[in-house]
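Please read it beside the sequence and structure shown here.

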Amino acid sequence: MDFKEIKSKKLEREYEYTLTNTDVAQAVDSKLEIARENFQMKGFRKGHTPLKLMKKMFGKSTKGDVIQGLVDESLRNHLQKTGHKPAMQPSVDLKSGDFEGETDFIFSFKYEILPKVPLCDYKNIDLYRYNVKVDKSAVKKALTELSNSAGSFHPKAKNAKAKIGDQVIIDFSGSIDGVGFDGGTAQDYPLVLGSSSFIPGFEEQLVGTKSGGTQRVIVQFPKDYGNKELAAKEAIFLCKVKSVNGLKPAKIDDDLAKKFSAKNLSELEANIRSRLTDEYSSFSRTMMKKELMDLLETLIKFDLPQSLVASEVSQIVETAKNEAEEVRNPSKEKEVKATAAQKKLANRRVTLGLFFAEEGSRNGVQVSQAEYDEVISQEVKQYPGNEKDFIKFLNDNPSAKDQIVAPIFEDKVFDFMIERIEPNVKDISFDEFKKKFDKIMT
């Protein structure tokens with residue numbers, strides 16, 4: 001098989017290769033000879049069916065399998081010889097050749113090679129690891145939230161107006177175009193205003209109502225509502241407010257602590273402080289990772305495989321389409337073009353993805369079996385009763401397994417880089433940190 005270079009420009013590579021009829025015929029004969037050993041045909045002893053007859057019966061299908069096998073083998077040998085690592089699966093096209101005749105076959109294949117990713121001089125990177133203080137006000141706020149969650153509702157004064165946070169006891173009856181629907185009525189329903197447990201816009205229209213009053217609530221079901229018969233339709237609910245109840249928080253004491261698995265109030269406060277410390281540390285790490293990626297995007301420059309960029313753009317556009325609220329008619333849907341912002345995001349993801357992959361590879365960063373098993377033990381809990389099927393799915397689908405391994409690997413590479421950067425540690429208040437976090441993460 002002869003290879004001929006057609007194109008070598010930046011990362012793009014294109015070759016032509018010739019598969020001779022002689023090579024194909026020899027491979028077909030060889031494969032049929034092997035099959036003939038265990039083949040038995042009426043009128044012939046096992047293993048003695050004439051090769052000519054075997055060719056007549058199985059030659060065409062065998063030829064196709066042989067050609068595919070020779071192409072795959074030649075491509076593997078070519079990549080091994082050149083040392084090329086394709087960014088995506090090479091495209092293979094037949095340029096000439098007749099499967100029915102005795103001709104040579106000329107194939108072309110195109111691919112982009114992975115670029116050489118430059119080293120990063122971590123000495124040029126300045127980062128801060130923010131140590132966010134857990135002050136008394138944060139602990140007090142958390143205690144107040146627990147007190148409210150453990151509190152109880154009591155009737156307010158007769159003429160008191162309902163406000164966000166109050167509980168209203170209501171009877172309601174809903175209709176669409178004057179016709180009631182399943183699940184549209186209830187009696188003595190306890191609804192906490194602001195809980196977002198009802199259709200968007202429902203609870204807000206009950207703000208200001210009084211005990212004994214009635215309210216006509218008009219809402220529109222979301223377009224992605226689970227019940228397709230109700231999705232995107234306008235409904236009218238007639239609501240009778242039977243009671244307006246205000247929240248009476250639970251007393252912040254040892255009894256409250258015991259409700260949240262603590263021995264006493266002191267232990268509950270310590271638990272809250274520990275939880276907030278972990279949360280703040282996680283937020284700090286997230287922000288530091290975002291800052292590092294922003295810096296790497298400006299410091300690390302190399303040619304990007306456009307096939308990878310195009311694939312990433314397609315995924316971003318598809319995700320945006322799926323998240324859109326509008327209901328689309330697939331038969332009339334027009335092709336959505338990527339925005340400049342989406343293309344920029346795709347370039348960023350490919351740049352950082354390739355850099356993290358190469359940086360991890362050349363520094364021996366790996367995801368251990370124990371680390372993988374630990375993540376899987378958490379993932380499998382989402383499929384109660386089907387754990388074995390989930391594990392089998394992962395084993396049968398390497399790409400699905402890779403999706404689980406990828407974030408673990410990325411975190412380990414990030415830790416590797418942070419060790420070399422040695423960020424400056426800075427104590428900071430939560431309010432000051434939140435301002436920085438909101439600015440950087442948006």
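## The largest pocket

With twelve residues, α7 gives the most to the lining of the largest pocket in this predicted model. Two or more lining residues come from each of α6 (306-323), α7 (340-362) and α10 (398-421), where helices (H or I, at least four residues) and strands (E, at least two) are DSSP runs numbered from the N terminus. A pocket here is an open set of points on a 1 Å grid over the protein atoms alone, where a 1.4 Å probe fits, with protein on both sides within 12 Å along at least five of seven lines, and lining residues have an atom within 4 Å of a point.

The largest pocket holds about 1300 Å³ of space, a volume being the space filled by probe spheres set on the points, which are joined across faces, edges and corners. Its lining comprises 34 residues, and those closest to the centre are Arg349, Gly353, Leu354, Ala357 and Ala406. By class, 17 of the lining residues are nonpolar, eight are polar and nine are charged; Ala, Val, Leu, Ile, Met, Phe, Trp, Tyr, Cys and Pro count as nonpolar, Asp, Glu, Lys and Arg as charged, and the others, Gly among them, as polar.

## The second largest pocket

The second largest pocket has a volume of about 350 Å³, and α1 (21-36) and α2 (51-82) each supply at least two residues of its lining. Of its 14 lining residues, Val28, Gly59, Lys63, Gly101 and Glu102 lie nearest the centre, and the lining as a whole has four nonpolar, four polar and six charged residues.

## Confidence and conventions

The chain has a mean pLDDT (the predictor's confidence in each residue, from 0 to 100) of 91, and 97% of its residues reach 70 or more. Over residues 326-332 the pLDDT is below 50, and this stretch has five contacts (heavy atoms within 4.5 Å) beyond near neighbours in sequence in the model.

Residues are numbered from 1 along each chain as its sequence is written, and side-chain values use heavy atoms, with hydrogens and water left out. Because the model is predicted, local features need pLDDT of at least 70 and side-chain atom pairs count only at pLDDT 80 or more, while totals for chains, interfaces and linings use all residues.

Most residues other than glycine have a negative phi. Ser196, in the loop between β8 and β9 (214-220), has a positive phi of about 60 degrees, and Ser196 counts as exposed (over 50%) at 64% relative accessibility.

How values were computed:
Buried means under 20% relative accessible area, exposed over 50%, partly exposed in between (1.4 Å probe, protein chains only).
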